[in-house]
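Let's go through a few labels and see where they come from. Each one gets checked against its cut-off.

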Amino acid sequence: MFIQTIQGHVSGDTGELKEAMDHWQRDLGPTAPGWLGSTAGVTDDGMFVCLARFESPEAARRNSDRPEQHQWWMETSKLFGGDVHFHDCTETDTFLDGGSDDAGFVQVMQGRIRDLPGLRAYLASQDESAMREFRPDMIGSVVAVQHDGGFTEAAYFTSEAAAREGERKEPPQEMRDEMQKMMSFYEGEWTYLDLKEPWLYSPTA
């Protein structure tokens, strides 16, 4: 899986941007080469973020080269104030059940990974059943890693209320120890972007 992340501040009505995204899914998505789905939304302070998933970098490139894609973006880009940042991520992973269009709340986390091979080996050795039992509100997550080590992770939850309740739960000591080990593979502070009304798109049958 290949993921392209798109991020920028919305300059006006987010409803117009939602209409533009709906238009893409309805009219351009069905013929987009290798498009697997998209997770997007706008935070309370106007930050738009999108993770567009494709089968491969080549498929994403073919989509970007389409005249209708170019025309759509020329119009949609007018809805942003300032630069819109794109990152092409060939290193991607999923956790638990991955992404889900059934999510009622999505939290996007961004930061830097210090040791990607080590993190992957560590996660592969973990039993996910304990996390599923402790946080039934979490459906799963999708991670996109940039070439410079920056990452964007979208975590999918059944609802915001359930996610907030889950955040307040005190994990057992063993789980706290494991979480501390996992954090050793990261560096610096994380940024959190809450998509309280996520826009979730998948190819139609």
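Asp137 sits in the loop between helix H5 (129-134) and strand S7 (138-145); helices (H or I, at least four residues) and strands (E, at least two) are DSSP runs, numbered from the N terminus. The model is predicted, so local features need pLDDT of at least 70 and side-chain atom pairs 80 or more, while totals for chains, interfaces and linings use all residues. Residues are numbered from 1 along each chain as its sequence is written, and side-chain values use heavy atoms, leaving out hydrogens and water.

Q: What makes the link between the side chains of Asp137 and Arg135 a polar contact?
A: The pair lies at 2.7 Å, and the limit for two N or O atoms is 3.5 Å, where within protein one must be able to donate a hydrogen and the other to accept it, and residues adjacent in sequence count only if both atoms are side-chain atoms.

Q: Why does Gly149 count as buried?
A: Its relative accessibility is 12%, so Gly149 falls under the 20% cut-off. Gly149 lies in the loop between S7 and strand S8 (150-157).

Q: Which residues is Gly149 in contact with, leaving aside its neighbours within four places in sequence?
A: They are Gly111, Arg112 and Ile113, where contact means heavy atoms within 4.5 Å. Gly149 and Arg112 are 37 residues apart in sequence, yet 5.4 Å apart in space, C-alpha to C-alpha.

How values were computed:
Buried < 20%, exposed > 50% of the residue type's maximum accessible area, 1.4 Å probe, protein only.
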